[in-house]
Amino acid sequence: MAKSPKRKDYLKEYKQGESGKYEYGGISYTFDGTPEERKKAYLTITGIAVLLTASVIGSGLIDAAGMVNTFYVIVPFIGEVCALFAIWWNLSKLLMEGEKIRGYIFESVNNKVDPATLILVFFAVLGLVMSVVFQATNGFEGKMFKCFLYLFTKALNAVLAFLMKKYYNTLKWKVL
């Protein structure tokens with residue numbers, strides 16, 4: 001399979017400077033606000049991501065009915081973990097860039113955070129529904145509290161991922 005010719009197009013934006021080092025000469029983006037507002041926005045988005053991570057991992061640690069041996073309850077959890085990884089991967093690329101974000105990184109991150117959060121919402125809701133289906137057909141297996149706690153964390157995962165999507169979409173950026 002041949003690689004896309006556009007895959008490494010961003011390399012054309014690097015030019016050799018007078019010192020002999022390569023410097024990025026393409027479009028750059030920055031947060032549209034004061035440094036304090038940027039710091040607050042980055043802390044908020046990171047805080048939501050940390051809460052989301054704790055909730056997703058927490059839901060995986062609950063051995064509620066169906067969570068131990070039922071593929072249609074476990075597979076949505078795996079989807080949540082994969083989406084969470086995609087969110088962190090892209091947020092880390094954005095946060096590591098600092099104040100000035102290279103265009104190709106910004107566009108990559110901007111095109112992936114939104115879908116990743118929606119995918120996490122989808123899998124959290126699917127996990128909630130599949131868990132309810134399991135509990136309706138097989139009962140609580142003597143773990144009623146754990147089952148309700150699991151359902152709560154699935155709902156919390158969906159809400160937190162949706163809040164992350166909404167908050168991320170409110171962030172304003174400007175071209176340098």
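Let me start with a pair. Glu97 forms a salt bridge with Arg102, and the closest N and O atoms are 2.6 Å apart. By salt bridge I mean a side-chain nitrogen of Lys or Arg within 4 Å of a carboxyl oxygen of Asp or Glu. Glu97 is buried, at a relative accessible area of 18%. Arg102 is partly exposed, at 26%. The cut-offs: buried is under 20% relative accessible area, exposed is over 50%, and partly exposed is in between, with a 1.4 Å probe and protein chains only.

Some ground rules. This is a predicted model, where local features need pLDDT of at least 70, side-chain atom pairs count only at pLDDT 80 or more, and totals for chains, interfaces and linings use all residues. Residues are numbered from 1 along each chain as its sequence is written, and side-chain values use heavy atoms, leaving out hydrogens and water.

Confidence next. pLDDT is the predictor's confidence in each residue, from 0 to 100. The chain mean is 92, and 97% of residues reach 70 or more. Strand E1, residues 14–16, is lowest, at a mean of 84; H4 is highest, at 97. Helices (H or I, at least four residues) and strands (E, at least two) are DSSP runs, numbered from the N terminus.

Back to the bridges. The structure holds 5. Asp63 pairs with Lys146, with closest N and O atoms 2.7 Å apart. Asp63 sits in the loop between H1 and H2 and Lys146 in helix H4, so this pair ties together parts 83 residues apart in sequence. Asp63 is partly exposed, at 30%. Lys146 is partly exposed too, at 35%. Together with Lys143, Asp63 and Lys146 are linked in a network of salt bridges.

Now Lys154 and Glu80. Their closest N and O atoms are 2.3 Å apart in a salt bridge. Lys154 is in helix H4 and Glu80 in helix H2, 74 residues away. Buried or exposed? Both Lys154 and Glu80 are buried.

What does H4 pack against? Its buried residues pack against helix H1 (35–61), helix H2 (71–97) and helix H3 (103–138). Those buried residues include Cys147, Tyr150, Leu151 and Tyr168.

Last, a residue in H2. Leu84 lies in that helix. Leu84 is buried, at 8%. Not counting residues up to four places away in sequence, Leu84 touches Leu52, Thr53, Val56 and Leu120; contact means heavy atoms within 4.5 Å.
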